[in-house]
Structure formats: structure tokens, C-alpha cells
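The sequence and the structure come first.

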Amino acid sequence: MHGDTLKGLLENSHSENVEFEIKDDDFIVKAGKSTFKLPWVPVEDFLWLIPDDETKAAFKLDADFIFGLEACLMTAGKEESRPALMGVQYTDGIMSSSDGDAITRFSMDAAAKCSFLLPNNFCDSLIKITKESEASAGLITISEEWAKV
């Protein structure tokens with residue numbers, strides 16, 4: 001189910017009581033006098049599953065982390081000819097980025113001891129989701145192949 005669709009229905013319903021029900025292949029939302037049938041896919045039918053990789057690092061996703069990402073994204077490389085610069089490097093509590101001309105470095109308190117590169121698109125999406133959802137805290141876990149928020 002598309003999250004923006006559900007969010008839009010709930011925001012526009014102005015109903016104080018909302019009911020959710022799953023029937024066959026439909027996710028039914030009852031809000032006030034309105035009833036919506038939305039398609040949904042059970043987890044076992046997804047095309048991919050979240051792997052059970054060993055977690056390399058886990059740390060708080062908070063305002064400080066988002067501030068550091070935003071600061072580093074200003075100097076993160078955008079040229080596809082230099083992929084090593086296209087993201088925010090995290091190493092032992094320090095986020096950094098460079099476009100080849102300028103460098104940004106941001107130190108975090110109580111940070112995990114590990115090293116990885118967060119691609120620009122991931123950073124942009126993470127900042128957007130955090131701001132739109134007005135989330136104040138969360139957890140980010142990093143494995144060899146995944147970043148889970």
C-alpha cells in the first residue's frame with residue numbers, strides 16, 4: 001500500500017474515529033461516513049525481504065544526526081564521474097563529505113565505531129522523511145549491505 005495515499009485519506013477525512021480492516025486483497029479504511037478499499041500485499045508476497053545481515057552499527061537518529069547530514073550534504077559530490085565523493089562518509093563518530101573543492105566535517109557524541117558511506121539519495125530521503133513525519137528520534141542500523149531506519 002502506498003503510504004502517501006493512506007496519509008492523504010486520513011488527513012482529508014477530518015474524522016475523529018478511524019477503523020482499519022483487512023479483507024482478502026483489500027485494506028479497508030473507515031473514516032466517518034467514508035469507506036476506502038485499498039490494495040495491499042502480504043509480507044510473504046513481497047518481491048524482496050529485509051535480510052538478516054549482522055548489524056555492523058546502530059545509533060540514534062536524532063536532530064543532531066540530521067543536522068550533521070544536512071551540513072555534509074552541502075559539500076557532498078554530485079558528479080557521477082567521481083562516485084567515491086557522492087555521499088556522506090561516517091567514520092567512528094565523524095561525518096564528512098567533499099566535492100573535491102570543499103570539505104565538511106561533523107563530529108557526533110556517543111557514536112558507533114565503524115565506517116561506511118551513506119549515498120546522497122539515501123541522505124536526502126532520510127532528511128525528507130524525518131522532516132515530513134516530524135519524527136524527533138529513531139534508530140538507524142547499518143549492516144554490510146543495508147541501512148535500516
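## Salt bridges

K131 and E70 form a salt bridge whose closest N and O atoms are 2.5 Å apart. K131 belongs to helix α3 and E70 to helix α2, so the pair ties together parts that are 61 residues apart in sequence. A salt bridge here is a side-chain nitrogen of Lys or Arg within 4 Å of a carboxyl oxygen of Asp or Glu. Helices (H or I, at least four residues) and strands (E, at least two) are DSSP runs, numbered from the N terminus. E70 is partly exposed, with a relative accessible area of 28%. On this scale, buried means under 20% relative accessible area, exposed over 50%, and partly exposed in between, with a 1.4 Å probe and protein chains only.

The count of salt bridges comes to 3. E21 pairs with K23, the closest N and O atoms being 3.8 Å apart, and E21 also pairs with K30, at 4.0 Å between the closest N and O atoms. E21 is partly exposed at 31% relative accessible area, K23 is partly exposed at 46%, and K30 is partly exposed at 34%.

## Basis of the model

This is a predicted model, in which local features need pLDDT of at least 70 and side-chain atom pairs count only at pLDDT 80 or more, while totals for chains, interfaces and linings use all residues. Residues are numbered from 1 along each chain as its sequence is written, and side-chain values use heavy atoms, with hydrogens and water left out.

## Overall form

The chain has 3 helices and 10 strands. Read along the sequence, they follow the pattern α-β-β-β-β-α-β-β-β-β-α-β-β. The radius of gyration is 20 Å, well over the 15 Å that the globule rule gives for 149 residues, so the chain is more spread out than a compact globule. That radius is taken over C-alpha atoms, and the globule rule is 2.2 Å times the number of residues to the power 0.38. Along the principal axes, the C-alpha atoms fill a box of roughly 60 × 35 × 30 Å. K23, in strand β1, and A102 are 79 residues apart along the chain, and their C-alpha atoms are separated by 55 Å.

Of the 149 residues, 30% count as buried. The accessible surface comes to about 10400 Å², of which 53% belongs to carbon and sulfur atoms; the areas come from the Shrake-Rupley method with a 1.4 Å probe, and for residues only the protein chains shown count as cover. Among contacts (heavy atoms within 4.5 Å) between residues at least 6 apart in sequence, 51% join residues at least 24 apart.

## Helix α2 and the cysteines

Helix α2 spans residues 63-73, and its buried residues are F65, I66, G68, L69, A71, C72 and L73. These buried residues pack against the strands β4 (57-62), β5 (87-91), β6 (94-98), β7 (103-107) and β8 (115-119), and against helix α3 (120-133).

The structure holds 0 disulfides, a disulfide being a pair of cysteine sulfur atoms within 2.5 Å. C72 is in no disulfide, and its nearest cysteine sulfur, that of C123, is 8.5 Å away. From the side of C123, the closest cysteine sulfur is that of C72, too far for a bond. C72 is buried at 0% relative accessible area, and C123 is buried at 0% as well.

## Loops and surface

D24 is in the loop between β1 and β2 (26-31) and is exposed, with a relative accessible area of 72%. D24 has a positive phi of about 50° although it is not a glycine. D92, in the loop between β5 and β6, has a positive phi of about 45° and is not a glycine either. D92 is partly exposed at 39% relative accessibility. K113 lies in the loop between β7 and β8 and is exposed at 67%. K113 and D92 are 21 residues apart in sequence and 4.2 Å apart in space, C-alpha to C-alpha.

L10, V18 and F20 make a nonpolar surface patch of about 230 Å². Patches are made of residues with over 30% relative accessible area and no salt bridge, with like charges joined within 9 Å and nonpolar side chains (Val, Leu, Ile, Met, Phe, Trp, Tyr) within 5 Å. F20 is in strand β1 (residues 18-23) and is partly exposed at 47%.
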